[in-house]
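User: I would like to learn how to read the features of a model like this one. Please give the general idea each time, then the case at hand.

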Amino acid sequence: MINNFIYRNPTKILFGKGQIKHLSKEISTYGKKILLLYGGGSIKKNGLYDEIYSQLKDFEIFELGGVEPNPRVSTARKAIEIIRKNNIDFLLAAGGGSTVDCAKLISVGTYYDGDPWDIVKKKYFPEKALPFGDILTLAATGSEMNPGSVITNIETEEKIGWSSPLAYPKFSILDPVYTFTVPLSQTVNGIVDTMSHMIEQYFNAEHNPVMDGLIESSLKTVMKYAPLVLESPHNYDIRAVLMMSATIGLNYSLSWGTMGDWATHGIEHAVSAVYDIAHAEGLSIIMPNWLLYILPKDILRVKQFAINVMDVNPEEKSDEEIGKEGILKLQSYWKSLGAPTHLSEVGIDSTNIKKMAEIATDRPVLGSVYNLTKNDVINILKSSL
Ligand code: NZQ
Ligand code: ZN
């Protein structure tokens, strides 16, 4: 059955080549003082940093670089201090999902007297936010058009997702040209993340045929274009397809009336909290093993995925064989792009499996469709070694 739902997405998207020309107009309604937030320096190398300054000549720009992949709460704390000290009017994030995620916490943390970590831990629910927008440079997370953010606390070894209706960007500039310089390994990470978001939403209890069709065709589109971008990383149209797919992949327009499972993301966040690996590396290892684990619980759903997405020929095969073949095809497809398939490839052995399983299951429910216990997670991680 399709659930009732309310959908509203207030983020304005400016998609395409040269859309940065609208930047100053988009910001001008909010004031003149801007904090520019960016990561480890890729925007300086590819010219975006200079472009921002030339577009914003009439504004007073403060800046904070160094947002980490797997962004830290400590960086958000630093930015909040700068904002308060200088009465900043607008926060501009330029970078990948980590920079956008960090901006979200800074935005709501600015108006909270306590520690922003309380917001991530859901001890405080924000009531006011500093307006922020972004210029996205990496197609992956969908953070540019959703209210979610994932923040790491190194001291407590936690990496936690949180969201707030106040955490949508006011606008996102999506110019595929800015993704030309993303290294191929990160490009693959983005593709795996995009596909994982679609797969998480595909595995739902409601089976809305409209969403099923959208997700199946979106996944097939990404799978068609992924190998092409590795051949031609500076091809505008290919980068544009992948950028658009990543945004649609997690702006929740693929979840109308449905509720995805999201257990793989829960497990991955626990793994990357302990080991600080790239989010998508964890996903490409865990998701196929999670699918194999849930196969006996929902053979028909996995079978549909195998046939409609992975093009498995069902003739003379049992439902289980079809499902398994589809999962293994997904795994070898990601491997063919260069993504890891075993935890050992990213330097993880069995030492902390119990700890990661405890972190992953430290929530009311892990896996909204196929609920997982700590033991289930241990088994999935063991089979991922
Ligand atoms: O830091 P800089 O120097 O900018 O370099 C980054 C970083 O090293 C580099 N990069 C980005 N754009 C580039 C570029 N290098 C060259 N040219 C460019 N144009 O790529 C590296 C990774 O960047 P990052 O922002 O960390 O990657 P991504 O966009 O994949 O974000 C990952 C984070 O998002 C979270 C993940 O858990 C992880 O912390 N997620 C956020 C979600 C959300 N908000 O909805 C959902 C996701 O499932 C995910 O959990
Ligand atoms: Zn993800």
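Predicted model: local features only at pLDDT ≥ 70, side-chain atom pairs only at ≥ 80, totals over all residues.

User: Are His265 and His279 buried or exposed?

Analyst: Residues under 20% relative accessible area are called buried. His265 is buried, at 7%, and His279 is buried as well, at 16% relative accessibility.

User: How do I read the buried face of a helix, and which residues of helix H3 are buried?

Analyst: An α-helix has 3.6 residues a turn, so residues three or four places apart point the same way. In helix H3 (residues 48-55) the buried residues are Leu48, Tyr49 and Ile52. Viewed down the axis of H3, these buried residues fall within an arc of 105 degrees, so they line one face of the helix.

User: Now the salt bridges. How many does the structure hold?

Analyst: Side chains of opposite charge can pair when their charged atoms come close. The structure holds 11 salt bridges. One of them joins Lys355 and Glu157, with the closest N and O atoms 2.6 Å apart. That pair links distant parts of the chain, 198 residues apart: Lys355 is in helix H14 (residues 353-360), and Glu157 is in the loop between strand S6 (148-153) and strand S7 (158-163). Lys355 is partly exposed, with a relative accessible area of 31%, and Glu157 is partly exposed too, at 30%.

User: Which residue forms a salt bridge with Asp319?

Analyst: Asp319 pairs with Lys303, the closest N and O atoms being 3.0 Å apart. This pair also links distant parts of the chain, with Asp319 in helix H13 and Lys303 in helix H12 (residues 299-308), 16 residues apart. Asp319 is partly exposed at 30%, and Lys303 is partly exposed at 22%.

User: Which residue meets Glu325 in a salt bridge?

Analyst: The side chain of Glu325 meets that of Lys317, at 3.1 Å from N to O. Glu325 is partly exposed at 30% relative accessibility, and Lys317 is partly exposed at 29%. Elsewhere, salt bridges that share partners join Lys354, Glu358 and Lys374 into one network.

User: Next, the surface. Which residues form a nonpolar patch there?

Analyst: A nonpolar patch is read as a group of neighbouring nonpolar side chains, each with over 30% relative accessible area. Phe5, Tyr7, Tyr252 and Trp256 form such a patch, with about 370 Å² of accessible area together. Trp256 lies in the loop between helix H9 (236-249) and H10 and is partly exposed, at 35% relative accessibility.

User: Last, the backbone angles. What is the phi of His207, and what is that of Glu316?

Analyst: Most residues other than glycine have a negative phi. His207 is not a glycine, yet its phi is positive, about 55 degrees. Glu316, also not a glycine, has a positive phi of about 60 degrees.

User: Where are His207 and Glu316 found?

Analyst: His207 is in the loop between helix H7 (184-202) and helix H8 (209-231), and it is partly exposed at 34% relative accessibility. Glu316 is in the loop between H12 and H13. Its relative accessible area is 83%, so Glu316 counts as exposed.

Note on methods: Residues numbered from 1 in each chain as written. Chains lettered and ligands numbered in written order. Heavy atoms only, no water. Buried < 20%, exposed > 50% of the residue type's maximum accessible area, 1.4 Å probe, protein only. Helix = DSSP H or I, 4+ residues; strand = E, 2+ residues; numbered from the N terminus. Arc of directions from axis to C-beta. Salt bridge = Lys/Arg side-chain N within 4 Å of Asp/Glu carboxyl O. Patch = residues over 30% accessible without salt bridge, like charges linked within 9 Å, V, L, I, M, F, W, Y side chains within 5 Å. Areas by Shrake-Rupley, 256 points an atom, 1.4 Å probe, with all protein chains shown as cover.
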